[in-house]
Amino acid sequence: MKRVIIAATTAVVVASLAAPAHALSAAPTGVGSPTGVGSPTGSPTDTAAEHEYLVLYKEGADPAAARSAIEAAGGRIVKENGAVGLATVTSAAADFAAALAGNPTIEGVARDRIIGSVPRAARTAGANVRTAADRALEREGNLDRRPNRHTPRKPRDLTEPLAHLQWDLQHIGATASGSYRVEQGDRRVLVGIMDTGVDASHPDIAPNFSRALSRNFTVDIPVDANGDEVDGPCEAEPDGSCQDPADVDENEHGTHVASAIASPINGLGIAGVAPKVTLVNLRAGQDSGYFFLQPTVDALTYAADIGVDVVNMSYYIDPWLFNCTDNPDDSPEDRAEQATIIKATQRALNYAHRRGVTLVAAQGNQAIDYTKTNVDATSPDFASVPGEAPRSRTVPPACLSLPTEGDHVISVSSTGISKRMAYYSSYGNGSVDVSAPGGDVYNTPTNDLDRTYGTLSAYPKAIAEERGQLNPDGTPIVPQVVRDCDAKGVCAYYQYLQGTSMASPRAAGVAALIVSRYGKPDRFRGGLTLDPDTVERVLKTTATNMSCPPGGTYTYTRRVPQPDGSVNTVVTTHTCEGTTARNGFYGEGMVNALNAVRARH
């Protein structure tokens with residue numbers, strides 16, 4: 001199973017920032033949005049050796065000429081993102097990539113995967129279904145783009161039943177006595193959750209969730225090129241298809257992220273940092289936890305087109321933890337692939353930033369300094385051709401972990417309950433922009449594992465049941481799962497998790513508050529808008545300064561439980577570089593919701 005940016009409790013998970021990831025997309029049309037191209041007559045599974053590729057056009061190239069070049073090389077275009085110039089192509093030609101090398105209309109080619117058992121119909125599902133954002137929101141009874149007139153169920157008491165367990169929000173001033181009394185967010189502000197999906201049936205998410213705007217840009221991948229299971233058989237899905245609805249989360253990660261940002265104040269469970277903004281599921285991650293290039297690009301351009309204000313990206317784009325263009329440890333083909341990933345991702349980030357999307361991402365759970373030379377032993381982490389497997393390679397600082405290290409992205413490191421940088425968090429002076437609470441299950445008085453030292457957020461009931469974490473009467477069996485029921489008998493479940501994946505949405509929530517507080521009406525798309533550079537400036541200047549530890553280093557001691565019942569003591573030391581104003585552990589400080597909504601904009 002792939003990883004996301006949730007950190008493991010007994011070892012750091014080196015993979016996507018907290019949940020599974022990979023994908024193809026339900027392709028809504030429109031300016032900059034992915035559209036189906038061509039009309040293949042056969043299923044991609046007709047040829048056993050057929051592969052899928054991502055082809056990036058040269059900037060300024062004639063798309064028609066690029067399509068002709070692809071067809072001449074033996075490719076068949078399945079989908080094209082016009083905003084970025086990225087096409088998903090299938091081909092059985094062994095020399096397909098080589099045939100395009102040097103073509104004046106083509107920037108690069110990256111292998112995506114060998115075609116397994118994904119039916120062609122699933123690849124084009126959802127085309128031509130997007131309507132204007134205003135009309136979509138107006139169709140939803142509880143969501144519109146008019147000024148916010150919502151009245152809290154508890155107008156004199158904004159404290160939710162489980163607020164005492166939310167130490168994370170206490171650290172950043174997102175409380176009943178803090179930012180909630182000044183700004184709770186505006187429903188016209190859209191926050192995109194680029195993750196493994198969102199459980200829209202969860203009672204502490206449903207009131208703020210937009211089904212009309214949400215999209216799933218992935219298609220389940222049964223197995224990889226080595227025959228190893230990825231997402232599992234499509235027929236095992238509840239609906240029997242390879243395309244999950246845009247309102248489910250079969251992982252857990254995306255639901256946690258969405259809840260951290262915008263669980264409402266409704267007398268049930270918890271509240272998020274911005275409890276009145278609108279959540280939009282922009283699914284870019286597989287059930288298994290992989291996040292691939294095409295879904296990321298499609299989600300970013302779609303977010304820009306519909307007027308999303310903030311997106312959270314708690315992952316890295318597979319299969320490379322770090323993308324290098326001239327690493328001697330990589331083959332020429334791998335270097336070309338990584339160069340394509342870098343260029344396509346940055347084009348999508350630029351497109352979103354130009355159209356008013358504030359981009360927030362998790363720093364990573366590798367516990368390494370991104371500004372130094374490191375060893376990556378996890379990439380490539382997905383077999384797109386038979387026999388492919390991770391290998392050890394040296395990666396200099398010039399190699400990029402994406403989308404976190406892309407231009408215009410606000411990167412977030414993670415802190416624990418003592419406000420120390422979490423043991424698993426990656427860092428780096430000039431790499432980290434800000435920090436936020438993400439939990440640290442060893443930040444305990446005895447350094448022993450305690451999962452309740454993570455951060456608490458919504459948890460899909462179906463997953464808790466599947467994992468055997470509930471008694472027959474619905475009460476939780478394990479301490480990391482919490483249930484709360486309101487006065488009407490509606491019950492919801494919550495789970496403690498840790499990771500930079502958890503820190504990032506807390507920062508994204510503050511960004512959403514900034515747009516809500518200082519944004520101006522968007523004349524073109526409705527809702528509110530605020531320049532992303534302004535959002536970033538307010539986020540950073542209102543953050544609470546955090547100094548490096550005395551002496552510039554911090555030593556972490558963890559008493560890690562072993563399968564045989566013994567405990568292994570693990571000691572690691574990390575070096576913090578920089579000043580109080582900006583350093584490698586905390587960036588420009590820990591985000592602060594109350595300071596942000598009281599700023600002199």
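## A guided look at the fold

Q: At roughly what angle do the axes of α10 and helix α11 (residues 532-541) cross?
A: Axes are lines fitted to C-alpha atoms over the stretch in contact, with angles from 0 to 180 degrees between N-to-C directions. Those of α10 and α11 come within 10 Å of each other. They cross at roughly 115°.

Q: What kind of model is this?
A: Residues are numbered from 1 along each chain as its sequence is written, and side-chain values use heavy atoms, with hydrogens and water left out. Local features need pLDDT of at least 70, side-chain atom pairs count only at pLDDT 80 or more, and totals for chains, interfaces and linings use all residues, since this is a predicted model.

Q: What share of the chain counts as buried?
A: Buried means under 20% relative accessible area, exposed over 50%, and partly exposed in between (1.4 Å probe, protein chains only). Of the 601 residues of the chain, the buried share is 63%.

Q: How many nonpolar residues are in the contact of α10 with α11?
A: Contact means heavy atoms within 4.5 Å, and here Val 510 and Ile 514 are among the α10 residues that meet Val 535, Val 538 and Leu 539 in α11. Ala, Val, Leu, Ile, Met, Phe, Trp, Tyr, Cys and Pro count as nonpolar, Asp, Glu, Lys and Arg as charged, and the others, Gly among them, as polar. The contact has no polar and no charged residues, while its nonpolar residues number nine.

Q: How far apart are the C-alpha atoms of Ile 172 and Val 510?
A: Ile 172 sits in the loop between α5 (167-171) and β6 (190-194), and it counts as buried because its relative accessibility is 0%. Beyond its neighbours within four places in sequence, its contacts include Val 273, Arg 506 and Val 510. Although Ile 172 and Val 510 are 338 residues apart along the chain, their C-alpha atoms are separated by 9.0 Å.

Q: Why is α7 described as roughly parallel to α8?
A: Angles under 35 degrees count as roughly parallel, over 145 as roughly antiparallel, 65 to 115 as roughly perpendicular and the rest as oblique. Helix α7 (residues 293-306) and helix α8 (residues 332-354) have axes 8 Å apart and pack at an angle of about 15°. That angle therefore makes them roughly parallel.

Q: Is His 408 buried, partly exposed or exposed?
A: His 408 is found in the loop between β12 and β13, and its phi is positive, near 75°. Because its relative accessible area is 34%, His 408 is partly exposed.

How values were computed
Helices (H or I, at least four residues) and strands (E, at least two) are DSSP runs, numbered from the N terminus.
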